[in-house]
Amino acid sequence: MSSAQTFSRDKLPLGQKVAFGTGNLVVNLLPGALGVFSFFLLTAFGIDPFLAGLLGGLPRLLDAITDPIMGYITDNTKSRFGRRRPYIFVGAILSGVLFALLWQLNPDNTEMYNFWYFLILSLIFIIANTIFATPYIGLGYEMTSDYNERTRLMAFAQTIGQVAWMIVPWFWVLIANPNLFETQAVGVRNLSIIVGGICIVLGIIPAIFCKEIKQESITNRDDITFKNIVKNFKGLIRSMVLIFKNLSFLRLCGATFLVFNGFQLVASFSYFIIVFYMFQGNYGDAGSWPAWFSTVSALCTAFLIIPIITWMSNRWGKRNAFIVATFISIIGYALKWWGFNPDNPWLIFMPIPFMVFGIGGLFTLMMSMTADVCDLDEYKNGMPRKEGTFGAIYWWMVKLGQALALVLGGLVLKLVGFDAGAEIQAPETLTNLRLADILIPAITAGLAILVMWKYDLTEEKAGEIKDALVKRRGEL
């Protein structure tokens with residue numbers, strides 16, 4: 001049970017939490033919208049499914065390179081505006097503008113023109129989004145040094161971020177509505193401008209209102225210069241080697257990869273099960289049930305699960321809260337067998353409060369624990385602090401999980417015999433699909449519990465590290 005008191009100097013004002021949370025809404029809204037809009041590459045713009053797959057996968061390769069580089073850059077930047085906020089401000093504007101431009105496609109163009117237009121702008125968009133997201137994540141890790149206040153900050157930010165997942169499922173409905181847009185292509189183009197504008201406005205708020213560690217308190221940094229590229233590159237490699245020697249951090253990355261990859265791998269299966277198992281392939285009868293399933297999941301995560309996770313963390317510690325939350329999610333996955341019932345569609349909401357403990361607990365706790373790990377790294381390796389690099393590598397693992405989920409999800413559908421062109425699926429196909437929808441995330445969640453079982457950065461240990469750091473270099 002937690003007994004440590006959060007001192008007033010470590011408590012964040014509500015305004016700071018709100019400002020940081022708006023950035024998390026952007027972090028969730030952009031990939032969520034990108035995932036929905038990408039479906040219309042096939043239906044609205046006539047791009048071949050294989051080429052559409054390349055458009056989804058190739059930018060990820062660049063992402064794997066730019067994330068750690070941006071993390072190192074933001075950790076070592078020196079400017080009168082700080083080492084995080086200038087990048088967040090510029091990155092938010094570039095991300096919003098490029099997202100809107102990305103979708104100004106025309107179905108009358110040739111397929112290869114649209115392919116190359118989208119690919120080139122996707123690569124530029126990935127860089128812009130990295131410029132925004134990586135410093136933003138690093139900023140959150142350093143906003144407070146208190147063990148429990150970190151969890152409260154991340155819980156608040158995750159709650160705001162869930163608003164994106166309440167909105168995103170309805171993009172399908174809006175874009176395909178002939179009463180709103182003349183064609184799907186027109187819907188995608190217009191809605192992308194709205195999404196881009198929202199991301200610009202909300203994305204610059206953390207840059208304007210959030211505070212970061214004063215530059216003067218950060219010593220032994222590698223000054224970022226264009227004249228000394230070799231030295232900068234060596235510094236990046238040195239930082240990454242030190243991070244990969246951090247066993248506590250590797251456990252966080254491994255558990256996140258397992259839970260998130262398992263969840264993402266079957267994320268689309270619920271849609272197929274609702275349509276083909278519950279409504280016998282009738283899309284009209286299925287209607288908005290899939291969208292409501294996603295929206296209610298986000299609502300439960302934001303207003304039920306995250307507050308419970310925060311309470312559990314404060315009372316039992318972050319590791320124990322993660323293990324309990326992940327176990328509860330396994331129960332939720334199992335309940336889907338009875339929840340997806342053709343005779344009573346309302347039962348689809350029954351597993352949700354249990355199932356979303358997994359994702360709700362994952363990012364609330366893992367981001368808080370990563371901030372603790374940054375203290376451990378400074379304790380072992382000294383300054384400069386590496387919040388940006390830690391955040392970049394952690395989220396690179398998340399993105400790797402997303403990329404693998406896209407590939408493996410299609411493979412699983414193929415193995416269970418799913419036929420995308422058929423109006424009715426075979427009974428054995430639907431049974432196998434339902435089993436995969438339950439077993440895959442349950443197994444990966446169980447493995448994540450094993451990975452985190454010996455995680456030993458407790459509140460007591462984190463407090464001792466914090467006290468030693470303050471004694472060594474004073475308060476930041």
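**Exercise 1. Is Ala321 buried or exposed, and what does Ala321 touch?**

Solution. 
- Step 1. Ala321 has a relative accessible area of 0%, so Ala321 is buried. Buried means under 20% relative accessible area, exposed over 50%, and partly exposed in between, with a 1.4 Å probe and protein chains only.
- Step 2. Ala321 is found in helix 13, residues 318–339. Helices are DSSP runs of H or I with at least four residues, strands are runs of E with at least two, and both are numbered from the N terminus.
- Step 3. Ala321 contacts Ile309, Met312, Ser313 and Leu365, leaving aside neighbours within four places in sequence. Contact means heavy atoms within 4.5 Å.

A note on the model. This is a predicted model, in which local features need pLDDT of at least 70 and side-chain atom pairs count only at pLDDT 80 or more, while totals for chains, interfaces and linings use all residues. Residues are numbered from 1 along each chain as its sequence is written, and side-chain values use heavy atoms, with hydrogens and water left out.

**Exercise 2. How do helix 13 and helix 17 pack?**

Solution. 
- Step 1. Helix 17 covers residues 427–452. The axes of helix 13 and helix 17 are 9 Å apart, at an angle of about 170°. Axes are lines fitted to C-alpha atoms, for helices over the stretch in contact, and angles run from 0 to 180 degrees between N-to-C directions.
- Step 2. Helix 13 and helix 17 are therefore roughly antiparallel. Angles over 145 degrees count as roughly antiparallel, under 35 as roughly parallel, 65 to 115 as roughly perpendicular, and the rest as oblique.
- Step 3. The helix 13 side of the contact includes Phe322, Ile323, Phe327, Tyr333 and Trp337. The helix 17 side includes Leu435, Ile438, Pro441, Ala445 and Ile449.

**Exercise 3. Where is Ala157, and which residues does Ala157 touch?**

Solution. 
- Step 1. Ala157 sits in helix 5, residues 147–167.
- Step 2. Its relative accessibility is 1%, so Ala157 counts as buried.
- Step 3. Not counting residues up to four places away in sequence, Ala157 touches Phe20, Gly21 and Asn24.
- Step 4. Ala157 and Phe20 are 137 residues apart along the chain, yet their C-alpha atoms are separated by 6.6 Å.

**Exercise 4. How many salt bridges does the structure hold? Trace three of them.**

Solution. 
- Step 1. The structure holds 14 salt bridges. A salt bridge is a side-chain nitrogen of Lys or Arg within 4 Å of a carboxyl oxygen of Asp or Glu.
- Step 2. Glu149 and Lys17 meet in a salt bridge at 3.3 Å, N to O. The pair links Glu149 in helix 5 to Lys17 in helix 1 (residues 14–43), 132 residues apart. Glu149 is buried at 3%, and Lys17 is buried at 13%.
- Step 3. Glu142 pairs with Arg84, the closest N and O atoms being 3.3 Å apart. Glu142 lies in helix 4 (residues 111–142) and Arg84 in the loop between helix 2 (49–76) and helix 3, so the pair ties together parts 58 residues apart in sequence. Glu142 is buried at 8%, and Arg84 is buried at 0%.
- Step 4. Asp375 pairs with Arg150, with 3.0 Å between the closest N and O atoms. Asp375 lies in helix 15 (residues 357–381) and Arg150 in helix 5, so parts 225 residues apart in sequence are tied together. Asp375 is buried at 7%, and Arg150 is buried at 2%.
- Step 5. Asp75, Arg83, Arg84, Glu142 and Glu387 are linked in a network of salt bridges.

**Exercise 5. Which helix gives the most to the nonpolar patch?**

Solution. 
- Step 1. The patch is made by Phe89, Val90, Ile93, Leu94, Val97, Leu101, Ile208 and Phe209, and has an area of about 650 Å². Patches are made of residues with over 30% relative accessible area and no salt bridge; like charges are joined within 9 Å, nonpolar side chains (Val, Leu, Ile, Met, Phe, Trp, Tyr) within 5 Å. Accessible areas come from the Shrake-Rupley method with a 1.4 Å probe; for residues, only the protein chains shown count as cover.
- Step 2. Helix 3 (85–102) and helix 7 (184–209) each supply at least two residues.
- Step 3. Helix 3 gives the most, with six residues.
- Step 4. Phe89 is found in helix 3. Phe89 is partly exposed, at 36% relative accessible area.
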